[in-house]
Amino acid sequence: MVRVRRETVFGILVTSLPLLAAAVVASLFFPGSGERLVTLYMINVIAVLGIGIYAGNSGIVSFGHVGFMAIGAYASGLLTLNPIIQKTALPHLPEWLAGIGMPFVPALMLALVVVALVAVLIGIPVARLGGSSASIATLGFLVIIHVVLVASTDFTRGSQTFFGIPRAVNLWVALPFAIAAVAVARLYRDSSAGLKLRASREDEIASAAVGVNVKLHRFFAWVLGALLAGAAGALLAHFLGAFSPKDFYFNLTFMLLAMLILGGITTVSGAVGGAAVIMLIVELLRKLEGGVDLGFLKLPTVFGLTDIGIGVAILVVMYRLQDGLFGVRELDERFGWFKRFASKSVVSSASAVATPSAGQGVLQVENLGKRFAGLVALENANFEIRPGLVTGLIGPNGAGKSTLINSVSGVVPPSTGRVLIDGQDVASLAVHAVPVAGLARTFQNIRLFKNLTVLENVTVAASALKSGEDPAARALTVLAEVGLEDFADRLAGTLSYGAQRRLEIARALALKPRYLLLDEPAAGMNPAETEELMHVLDRIRTKYRLGLLVVEHDLKLIMRLCDVVVVLNKGQQIAIGTPAEIQANPEVIEAYIGRRRSSAQARSEQGEVSGLPSSAPGLHNPA
Ligand code: ADP
Ligand code: MG
């Protein structure tokens, strides 16, 4: 079931208003050229939103969507083409395509079917890629489409002008399409799928670790964005009446990307605003380009002034505001407009965080090992994590503790061994399936979705489980669990360090895990924050009978908190036992003292200042 938040509907209305206003102003005060300009603006907004649905939410810049505009334009144009003009313009058209001359809207629908088919075919490989490889692939797609259009002379007249298309699109046809595009883009952005893709944009590894199937969501956004771009292409074709392949190539791509980047790639407001700003710049500079005579001042003709102007505008905005004019949040979100209209949204009494059924079973780590190109980072780890108990994992730096957590949670596939939950080997699952199997984790170097709100960070994880509960409501409950409920609307990146650590724990808890692995959760915290964290951990452990695994350098803390302690050294599991047994274990003491000696040597050799955790002596003198 798709739940549409009232905030989203409000956002759509607010973002559509400027479009409506522009249309009314143009038709009242600037009929003719002004109307044409605003119609073009509507079409550009749709195209920019098409790119933005994919690029903004996934963080991967796409050069390919103009290719979908071209497909939309040519496919719809072939269907609406005036049959008489067609006979002379495209004499070699196959019979099944000849003399159709259908109205615009059904032609648009059919063209979108073609766009969807191509988008699915191309999307399968492209969605597997991330970052710049994906961007390069989209660029390749644009070039291929261009070459195919030029080569298919029977259908497109090659590089010559394709003409005779009925001018079915005017301002009042384009406006509803633009508003619909705003609605689609905003609904997607605010949906659970859109939120998941935005999370993957912020941190792909962390998103997978909270159950996001990154490739699936990239694919979906790619196809949805392609449909919008295809519609923009069909509208443009029926607005202009004539065009050629070069109209859907680098120049248009550059201009649309400029609109997207200038406004802010991640928001719908940014697309609507960025398109307006760039079009105004272009109009202004186009007037200047041909040379100006102001009587006292004669400006010469400057070729390429508009392109230079767009480039400079992007540079200025990027230099001053890296996230574009409109930033990373929608306008209505940033200023909390919705909350002024409606009473504060309901803080529901969602049910408990974890499933109390997590009583039975254990998590078994069996002969787990990991090699990195010859380096044995971990070998033969064997232990259990039991519900309701805290297992400590200690060892000098580089001992393999993080590697162990990464292998158990599927972030780094292990080279050997198994991780069994109720007999199921989770090490063989896809990363994003591991949390669903009951295992959650945090990272040694905090990996939050920095440009998402605190609430959204947790909601992503809460929506990994199909429990029928409202993910946002459960996210609020979990935030209260770690004392962050008052920060729900803040961007995660703006929290204090200790709060960020707690947020990461909340995000993991929202997965309703039975086992929770924490990689140095108290690192960088001050004593008060550490104390507070200990209380939180102790409470959730008993309340939900969680099996906890905690990596920690502070041995006093480990001895106080843990029921069982596992010791790693140089990738080997050298001891396992109760805190008392571990303190008395000569091999453990040797590992720590050995480390002190070698670190001291290294420090004296390199003049290094950073060093041991001061707590190492805690081994001999536990609290
Ligand atoms: P710990 O968390 O106990 O400090 P790690 O698990 O981070 O230790 O590292 C164990 C060893 O594995 C170290 O020697 C480290 O350099 C190596 N290692 C960790 N991750 C990688 C990786 N992705 N590629 C190569 N070597 C790695
Ligand atoms: Mg580590």
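How many Å separate the centres of domain 1 and domain 2? The answer is 48 Å, taken over C-alpha atoms.

## Getting your bearings

What you see above is a predicted model, where local features need pLDDT of at least 70, side-chain atom pairs count only at pLDDT 80 or more, and totals for chains, interfaces and linings use all residues. Residues are numbered from 1 along each chain as its sequence is written, chains are lettered from A and ligands numbered from 1 in the order in which they are written, and side-chain values use heavy atoms, with hydrogens and water left out.

The C-alpha atoms of the chain fill a box of roughly 95 × 55 × 55 Å along the principal axes. Its secondary structure comes to 24 helices and twelve strands; these are DSSP runs numbered from the N terminus, with helices being H or I and at least four residues, and strands being E and at least two. Of the 623 residues, 53% count as buried. Here, buried means under 20% relative accessible area, exposed means over 50%, and partly exposed lies in between (1.4 Å probe, protein chains only).

Contact means heavy atoms within 4.5 Å. Among the contacts in the chain with a separation of 6 or more, 75% come from residues 24 or more positions apart.

## Domains and where they meet

The chain is assigned domain 1 (2-249), domain 2 (361-438 + 513-580) and domain 3 (446-507). Those bounds come from an automatic or database domain assignment.

Back to the opening pair: seven residues of domain 1 are in contact with four residues of domain 2. Between them, domain 1 and domain 2 bury about 400 Å², with 74% of it on carbon and sulfur atoms. That buried area is the accessible area (1.4 Å probe) that two parts lose on being put together, summed over both. Look for salt bridges across this interface and the rule finds zero. A salt bridge here is a side-chain nitrogen of Lys or Arg within 4 Å of a carboxyl oxygen of Asp or Glu.

## The nonpolar cores

A nonpolar core is a set of buried Ala, Val, Leu, Ile, Met, Phe, Trp, Tyr and Cys residues joined through side-chain atoms within 4.5 Å. The largest one has 92 residues, and those with the most contacts inside it are L19, M42, L49, F68, M69, F248 and L256. There's also a second, separate core of 66 residues, which includes V212, V454, V482 and V565.

Leaving aside residues up to four places away in sequence, L256 touches N44, A47, V48, I51, V66 and M69.

## Salt bridges and a network

The whole structure holds 25 salt bridges. One of them pairs E333 with R186, the closest N and O atoms being 3.8 Å apart. The two sit 147 residues apart, with E333 in helix 15 (residues 331-334) and R186 in helix 8 (residues 171-190). E333 is partly exposed at 23% relative accessible area, while R186 is buried at 1%.

R218 and E204 also meet in a salt bridge, at 3.1 Å from N to O. R218 belongs to helix 11 (residues 214-240) and E204 to helix 10 (residues 204-209), 14 residues apart. R218 is buried at 4%, and E204 is partly exposed at 40%. A further bridge joins E469 and K512, with closest N and O atoms 3.2 Å apart. Salt bridges that share partners also tie R5, R186, R189, D190, E330, D332 and E333 into one network. Within it, D190 lies in helix 8 and is buried at 13% relative accessibility. D190 touches R5, T8, R198 and E333, again not counting residues up to four places away in sequence.

## The magnesium site

Which residues coordinate the magnesium ion (ligand 2)? They are S402, through OG, and Q444, through OE1, at 2.1 Å. Donors are N, O and S atoms within 2.8 Å of the metal (3.2 Å for Na, K and Ca), and water is not among the atoms, so sites may look incomplete.

The pair comes from distant parts of the chain, 42 residues apart: S402 is in helix 17 (residues 401-408), and Q444 is in the loop between strand 8 (439-441) and helix 18 (454-462). S402 is partly exposed, with a relative accessible area of 22%, and Q444 is partly exposed at 30%.
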